[in-house]
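Please keep the sequence and the model at hand while reading.

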Amino acid sequence: MASWNDQNRHHAGPALKSGWYVRPPGALNGMTMTALRAYYMPLDIERAVSIDRIGTYCSAGGGSGKLFRFLIHQDVDGTPGPIILDAGTTSANSTGDREITVSKALPLSRVWLCIVSDGTPSVQAYTAHGGVGHTALTNITNTAYTCYQADQADLTAVASPTVSPGVGTAPIVAVRLV
(Lines give C-alpha, C1' and ligand atoms only; values in the text may rest on other atoms or scores of the structure.)
Protein backbone atom coordinates (compact mmCIF):
# COMPACT_ATOMS: atom_id res chain seq x y z
CA MET A 1 0.00 0.00 0.00
CA ALA A 2 2.68 2.41 -1.04
CA SER A 3 2.13 6.15 -0.97
CA TRP A 4 -0.61 6.26 1.68
CA ASN A 5 0.09 9.97 2.25
CA ASP A 6 0.31 11.03 -1.39
CA GLN A 7 -2.42 8.94 -2.95
CA ASN A 8 -5.01 8.61 -0.22
CA ARG A 9 -7.94 9.77 -2.28
CA HIS A 10 -11.37 9.81 -0.69
CA HIS A 11 -13.79 8.93 -3.46
CA ALA A 12 -13.49 7.00 -6.69
CA GLY A 13 -14.24 10.07 -8.78
CA PRO A 14 -13.20 11.22 -12.26
CA ALA A 15 -9.78 12.66 -11.28
CA LEU A 16 -8.35 9.42 -9.92
CA LYS A 17 -5.71 7.41 -11.71
CA SER A 18 -4.92 3.76 -12.17
CA GLY A 19 -2.64 2.54 -9.39
CA TRP A 20 -4.01 4.91 -6.74
CA TYR A 21 -5.47 3.64 -3.50
CA VAL A 22 -8.81 5.13 -2.41
CA ARG A 23 -10.41 5.06 1.02
CA PRO A 24 -13.29 6.64 2.92
CA PRO A 25 -12.67 10.24 4.08
CA GLY A 26 -11.51 11.32 7.54
CA ALA A 27 -8.49 12.44 9.54
CA LEU A 28 -5.76 9.84 9.99
CA ASN A 29 -5.24 8.26 13.38
CA GLY A 30 -4.61 4.76 14.73
CA MET A 31 -6.60 2.14 16.60
CA THR A 32 -6.54 -1.36 18.02
CA MET A 33 -9.29 -3.45 16.48
CA THR A 34 -11.72 -5.42 18.64
CA ALA A 35 -11.49 -9.14 17.89
CA LEU A 36 -14.39 -10.45 15.78
CA ARG A 37 -15.94 -7.01 15.30
CA ALA A 38 -16.64 -6.24 11.65
CA TYR A 39 -16.22 -2.59 10.65
CA TYR A 40 -18.08 -1.25 7.58
CA MET A 41 -16.95 2.04 6.01
CA PRO A 42 -18.78 3.82 3.16
CA LEU A 43 -17.04 4.55 -0.13
CA ASP A 44 -18.88 6.46 -2.86
CA ILE A 45 -18.03 5.23 -6.36
CA GLU A 46 -18.59 8.17 -8.72
CA ARG A 47 -17.49 6.55 -11.99
CA ALA A 48 -16.94 3.09 -13.41
CA VAL A 49 -13.85 1.62 -11.72
CA SER A 50 -12.23 -1.73 -11.26
CA ILE A 51 -9.97 -2.65 -8.38
CA ASP A 52 -7.04 -5.04 -8.08
CA ARG A 53 -6.17 -4.74 -4.36
CA ILE A 54 -7.95 -4.37 -1.02
CA GLY A 55 -6.19 -4.01 2.30
CA THR A 56 -5.01 -2.02 5.29
CA TYR A 57 -1.78 -1.05 7.03
CA CYS A 58 -1.09 -3.03 10.22
CA SER A 59 1.06 -1.09 12.70
CA ALA A 60 1.14 -3.89 15.33
CA GLY A 61 0.28 -7.54 14.87
CA GLY A 62 -2.86 -9.07 16.34
CA GLY A 63 -1.31 -12.31 17.60
CA SER A 64 0.17 -15.50 16.22
CA GLY A 65 -1.98 -17.06 13.51
CA LYS A 66 -4.51 -14.20 13.51
CA LEU A 67 -6.12 -13.04 10.25
CA PHE A 68 -7.88 -10.14 8.55
CA ARG A 69 -10.89 -10.77 6.29
CA PHE A 70 -11.79 -8.11 3.69
CA LEU A 71 -15.19 -7.77 2.04
CA ILE A 72 -17.16 -5.25 0.00
CA HIS A 73 -20.91 -4.96 0.52
CA GLN A 74 -23.58 -3.40 -1.68
CA ASP A 75 -25.46 -0.43 -0.20
CA VAL A 76 -29.09 -1.01 0.76
CA ASP A 77 -30.89 2.11 1.98
CA GLY A 78 -27.72 3.58 3.50
CA THR A 79 -26.46 0.46 5.27
CA PRO A 80 -24.32 -2.54 4.30
CA GLY A 81 -26.29 -5.12 2.32
CA PRO A 82 -25.32 -8.26 0.37
CA ILE A 83 -21.67 -9.10 -0.26
CA ILE A 84 -20.37 -8.13 -3.70
CA LEU A 85 -16.77 -9.23 -2.99
CA ASP A 86 -15.35 -11.61 -0.41
CA ALA A 87 -11.62 -11.06 -0.87
CA GLY A 88 -10.69 -13.72 1.68
CA THR A 89 -8.14 -13.54 4.47
CA THR A 90 -4.53 -12.47 5.02
CA SER A 91 -2.21 -12.46 8.00
CA ALA A 92 -2.82 -10.01 10.86
CA ASN A 93 0.11 -11.17 12.98
CA SER A 94 2.83 -8.71 11.93
CA THR A 95 3.32 -5.12 10.81
CA GLY A 96 3.17 -3.77 7.29
CA ASP A 97 0.85 -3.67 4.31
CA ARG A 98 -1.82 -6.34 4.47
CA GLU A 99 -3.53 -6.58 1.12
CA ILE A 100 -5.19 -9.14 -1.09
CA THR A 101 -5.11 -9.28 -4.88
CA VAL A 102 -8.60 -9.14 -6.38
CA SER A 103 -10.26 -8.44 -9.71
CA LYS A 104 -13.57 -6.63 -9.35
CA ALA A 105 -15.55 -3.95 -11.17
CA LEU A 106 -17.36 -1.80 -8.60
CA PRO A 107 -20.90 -0.53 -9.15
CA LEU A 108 -21.60 3.16 -9.63
CA SER A 109 -23.01 3.73 -6.13
CA ARG A 110 -22.02 3.65 -2.49
CA VAL A 111 -20.28 0.46 -1.39
CA TRP A 112 -19.23 -0.64 2.10
CA LEU A 113 -15.63 -1.69 2.69
CA CYS A 114 -15.45 -4.25 5.49
CA ILE A 115 -12.63 -5.52 7.68
CA VAL A 116 -12.77 -8.04 10.53
CA SER A 117 -10.01 -9.83 12.44
CA ASP A 118 -9.95 -12.69 14.89
CA GLY A 119 -7.13 -10.91 16.74
CA THR A 120 -6.51 -7.40 18.08
CA PRO A 121 -4.17 -5.81 15.53
CA SER A 122 -3.41 -2.09 15.51
CA VAL A 123 -4.16 -0.42 12.17
CA GLN A 124 -4.28 2.98 10.55
CA ALA A 125 -7.68 4.49 11.21
CA TYR A 126 -9.71 7.62 10.60
CA THR A 127 -11.83 9.80 12.83
CA ALA A 128 -14.62 12.35 12.55
CA HIS A 129 -16.22 11.13 9.34
CA GLY A 130 -19.70 11.69 10.74
CA GLY A 131 -21.41 10.29 7.67
CA VAL A 132 -23.31 7.22 8.83
CA GLY A 133 -26.04 6.27 11.23
CA HIS A 134 -27.71 9.62 11.80
CA THR A 135 -31.38 9.34 12.70
CA ALA A 136 -31.97 12.92 13.88
CA LEU A 137 -30.55 16.33 13.02
CA THR A 138 -29.08 16.66 16.52
CA ASN A 139 -26.91 13.61 15.87
CA ILE A 140 -25.23 15.28 12.93
CA THR A 141 -23.37 17.73 15.13
CA ASN A 142 -23.29 15.83 18.43
CA THR A 143 -22.09 12.40 17.35
CA ALA A 144 -19.29 11.51 14.97
CA TYR A 145 -20.27 8.08 13.72
CA THR A 146 -17.40 6.81 11.62
CA CYS A 147 -18.68 3.44 10.44
CA TYR A 148 -21.13 0.66 11.08
CA GLN A 149 -20.11 -2.25 13.27
CA ALA A 150 -21.30 -5.79 13.93
CA ASP A 151 -19.88 -8.35 16.35
CA GLN A 152 -19.42 -11.83 14.88
CA ALA A 153 -18.90 -15.35 16.24
CA ASP A 154 -15.99 -16.06 13.86
CA LEU A 155 -14.32 -14.85 10.65
CA THR A 156 -17.07 -16.20 8.39
CA ALA A 157 -18.35 -13.63 5.89
CA VAL A 158 -21.81 -12.39 6.97
CA ALA A 159 -24.00 -12.04 3.87
CA SER A 160 -26.39 -9.34 5.15
CA PRO A 161 -25.13 -8.05 8.49
CA THR A 162 -27.20 -6.47 11.26
CA VAL A 163 -25.19 -3.37 12.06
CA SER A 164 -25.13 -0.48 14.52
CA PRO A 165 -23.35 2.89 14.20
CA GLY A 166 -19.78 2.97 15.47
CA VAL A 167 -18.50 6.02 17.33
CA GLY A 168 -14.87 7.09 17.43
CA THR A 169 -12.34 5.63 15.05
CA ALA A 170 -12.68 3.16 12.20
CA PRO A 171 -9.99 1.09 10.47
CA ILE A 172 -8.81 2.34 7.11
CA VAL A 173 -9.55 -0.10 4.33
CA ALA A 174 -8.34 0.98 0.91
CA VAL A 175 -8.82 -0.37 -2.59
CA ARG A 176 -6.45 0.16 -5.52
CA LEU A 177 -7.87 1.29 -8.84
CA VAL A 178 -6.93 -0.48 -12.06
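## A buried arginine and its partner

Arginine 69 is buried, with a relative accessible area of 15%, where buried means under 20% relative accessible area, exposed means over 50%, and partly exposed covers the range in between (1.4 Å probe, protein chains only). Aspartate 86 forms a salt bridge with arginine 69, and the closest N and O atoms of the two are 2.7 Å apart; a salt bridge here is a side-chain nitrogen of Lys or Arg within 4 Å of a carboxyl oxygen of Asp or Glu. Because aspartate 86 lies in strand S6 (residues 79–91) and arginine 69 in strand S5 (residues 67–76), the pair ties together parts that are 17 residues apart in sequence. Aspartate 86, at 40% relative accessibility, counts as partly exposed.

## Basis of the model

This is a predicted model, in which local features need pLDDT of at least 70 and side-chain atom pairs count only at pLDDT 80 or more, while totals for chains, interfaces and linings use all residues. Residues are numbered from 1 along each chain as its sequence is written, and side-chain values use heavy atoms, with hydrogens and water left out.

## Overall build

The chain has one helix and 13 strands, helices (H or I, at least four residues) and strands (E, at least two) being DSSP runs numbered from the N terminus. Along the sequence the pattern reads β-β-β-β-β-β-β-β-β-α-β-β-β-β.

Of the 178 residues in the chain, 46% are buried. Among the contacts with a separation of 6 or more, 73% involve residues 24 or more positions apart, a contact being heavy atoms within 4.5 Å. The chain exposes about 7,500 Å², of which carbon and sulfur atoms supply 49%; these accessible areas come from the Shrake-Rupley method with a 1.4 Å probe, and for residues only the protein chains shown count as cover.

## The network around aspartate 52

The count of salt bridges comes to six, and Asp52, Arg53, Glu99 and Arg176 are linked in a network of them. Aspartate 52 is buried, with a relative accessible area of 18%, and its side chain meets that of arginine 53 in a salt bridge (3.9 Å, N to O). The side chain of aspartate 52 also meets that of arginine 176 in a salt bridge, at 2.8 Å from N to O. This pair links distant parts of the chain, with arginine 176 in strand S13 (residues 174–177) and aspartate 52 in strand S4 (residues 49–60), 124 residues apart.

## Strand pairing at S13

Two strands are taken to pair if DSSP finds at least two bridges between them. S4 and S13 run antiparallel and are joined by four bridges, with glycine 55 standing opposite alanine 174 in S13. Strand S1 (residues 21–22) is also antiparallel to S13, joined to S13 by two bridges, and the bridge partner of valine 22 in S13 is valine 175.

## Serine 103 and the cysteines

Serine 103 has its place in strand S7 (residues 96–106) and, at 71% relative accessibility, counts as exposed. The C-alpha atoms of serine 103 and alanine 87, which are 16 residues apart along the chain, are separated by 9.3 Å.

The count of disulfides, each a pair of cysteine sulfur atoms within 2.5 Å, comes to zero. Cysteine 114 is in no disulfide, and the nearest cysteine sulfur, that of cysteine 147, is 9.8 Å away. Cysteine 114 is buried, with a relative accessible area of 0%, and cysteine 147 is likewise buried, with a relative accessible area of 0%.
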